[in-house]
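Please read this note with the structure open beside you. The points below go from the fold as a whole to single residues.

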Amino acid sequence: MIEIKKADGPSDIEKIAELADIIWHEHFTPIIGAAQVEYMLDKFQSFEAVSEAVNKNGYIYYMAFDDGIFAGYIGIHPENGAVLLSKIYVEKSHRGKKISKRMIETVAHDFADYDYMWLTVNKHNYSSIAAYKKMGFTVTREQVADIGGGFGLADYIREKKID
């Protein structure tokens with residue numbers, strides 16, 4: 001059984017940061033390399049980074065549980081009639097169970113009065129691109145972003161109308 005709940009407090013943020021460390025090393029090292037993974041974990045996925053995003057920048061995190069086991073999370077930022085799906089991650093052993101889809105559906109339900117949701121996905125993250133396409137996200141543009149530390153990202157921007 002898949003359960004989605006809003007993250008609540010430092011204990012949940014700590015769990016999110018710990019799971020991010022596992023997922024990023026496993027999934028993203030082959031795509032962007034170990035040095036960039038370490039940089040991005042520290043800058044965007046650490047306890048401190050997630051805490052600041054939630055407490056100072058208006059981000060909301062949801063946690064996904066698969067038969068009671070913390071399996072994934074999504075971080076969102078609602079703004080100007082759109083919802084940025086900033087982070088969507090599922091631990092490898094729980095993939096293929098439509099957990100990402102359930103998290104996105106939960107966000108769409110909670111933000112039904114918004115127009116659309118959008119996300120960025122690395123151009124070489126083929127499995128995620130396929131999943132987003134299957135869920136109805138379409139490419140609206142491409143971007144190359146300098147994220148500091150000598151690193152950059154080459155992403156597709158994908159959008160989906162909230163029904």
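1. Helices (H or I, at least four residues) and strands (E, at least two) are DSSP runs, numbered from the N terminus. This is a predicted model: local features need pLDDT of at least 70, side-chain atom pairs count only at pLDDT 80 or more, and totals for chains, interfaces and linings use all residues. Residues are numbered from 1 along each chain as its sequence is written, and side-chain values use heavy atoms, with hydrogens and water left out.

2. The fold. Five helices and seven strands make up the chain. Their order from the N terminus is β-α-α-α-β-β-β-α-β-α-β-β. The radius of gyration is 15 Å, close to the 15 Å that the globule rule gives for 163 residues, so the chain is as compact as a globular protein of that length. That radius is taken over C-alpha atoms, and the rule is 2.2 Å times the number of residues to the power 0.38. The C-alpha trace spans about 40 × 35 × 35 Å along its principal axes.

3. Burial. Of the 163 residues, 43% count as buried. Buried means under 20% relative accessible area, exposed over 50%, and partly exposed in between (1.4 Å probe, protein chains only).

4. Q45. This residue lies in helix α2 (residues 34–45). Q45 counts as buried because its relative accessibility is 2%. Which residues does Q45 touch, not counting those up to four places away in sequence? They are A17, A20, W24, M40, V50, Y73, K87 and Y89. Contact here means heavy atoms within 4.5 Å. With Y73, the side chain of Q45 also makes a polar contact of 2.4 Å. Such a contact is a pair of N or O atoms within 3.5 Å; within protein, one must be able to donate a hydrogen and the other to accept it, and residues adjacent in sequence count only if both atoms are side-chain atoms.

5. Salt bridges. The whole structure holds four. Each is a side-chain nitrogen of Lys or Arg within 4 Å of a carboxyl oxygen of Asp or Glu. One of them joins D12 and K5, with the closest N and O atoms 2.9 Å apart. D12 is buried at 7% relative accessible area, while K5 is partly exposed at 28%.

6. A longer link. R95 and E26 meet in a salt bridge of 3.0 Å, N to O. R95 lies in the loop between β4 (82–90) and α4 (99–110) and E26 in helix α1 (residues 10–32), so the pair ties together parts that are 69 residues apart in sequence.
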